[in-house]
Amino acid sequence: MKTLIITGGTGGLGPAVVARLALNYQCVLLARHASDEPNIIEADLNDEASVRSAIKLAVERFGAPYGLVHMAGGYAGGTVSETSLDTWQKQIALNLTGAFLAIHETLAVMKRDAPGRIIAISSEATLNKLPSAAAYTVSKMGLNTLIELTAKELANTKITANALVPGTLDTAASRESMPDAKRVPLERVASAIEYLLSDEAASVSGALIPLRAESLN
């Protein structure tokens, strides 16, 4: 079974994706808190040493990873004028620095002469550029660029890098806060990730793939 490093596996989207991927992959979750489960490893995604140590432990337990599925992140609203420096820094840390460290440290242990996959979850906010979530949008746009640059770096290898760019996800939190909003079914996200992990997607790299929301009510 191929090994996947997964971040954000316990968040709103995570369980649905992990349940789907676990049918065909050995899923190793980097989580904020320690667990007795051998496939759940504690890691602070904003701490280089912590991420490096966690991925090293994952390799010791399950071998070199086939890929990374990066779903960790967070949202904060507010225009540029309304956004505090603290909120700005936290959004950059959650949505960009964590992604950089996860990708950086996973690539360090991946086999460059074998097929591999880097997949990240971005946001439709990077396409719409609505002013009501300035720090979030900028941090996710940085993630998009990080994926594009990673794909270019890996162009002469068999490792691909792509990002999904979904609209509002159909999570419990979004249903409560935005009951009338159109949402993206979590199963659709899981299916898209599953495809990008497959052999059929070997030629897809550097893509920012939109996932359209629809009415679910």
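**Salt bridges in a predicted model**

Let me start with Arg112, which is partly exposed, with a relative accessible area of 39%. Partly exposed lies between buried, under 20% relative accessible area, and exposed, over 50%, using a 1.4 Å probe and protein chains only. This is a predicted model, in which local features need pLDDT of at least 70, side-chain atom pairs count only at pLDDT 80 or more, and totals for chains, interfaces and linings use all residues. Residues are numbered from 1 along each chain as its sequence is written, and side-chain values use heavy atoms, with hydrogens and water left out.

The side chain of Arg112 forms a salt bridge with Glu153, at 3.9 Å from N to O. A salt bridge here is a side-chain nitrogen of Lys or Arg within 4 Å of a carboxyl oxygen of Asp or Glu. Glu153 is exposed, at 52% relative accessibility.

How many salt bridges does a search of the whole structure find? The search finds 8.

One of them joins Glu105 and Arg52, at 3.0 Å from N to O. This pair links distant parts of the chain, 53 residues apart: Glu105 is in helix α3 (residues 85-107) and Arg52 in helix α2 (residues 48-62). Helices are DSSP runs of H or I with at least four residues, strands are runs of E with at least two, and both are numbered from the N terminus. Glu105 is buried, at 4%, whereas Arg52 is partly exposed, at 43%.

Next, Asp170 and Arg175 meet in a salt bridge at 2.7 Å, N to O. Asp170 is buried, with a relative accessible area of 18%. Arg175 is partly exposed, at 39%.

Finally, salt bridges with shared partners connect Glu48, Arg52 and Glu105 in one network.
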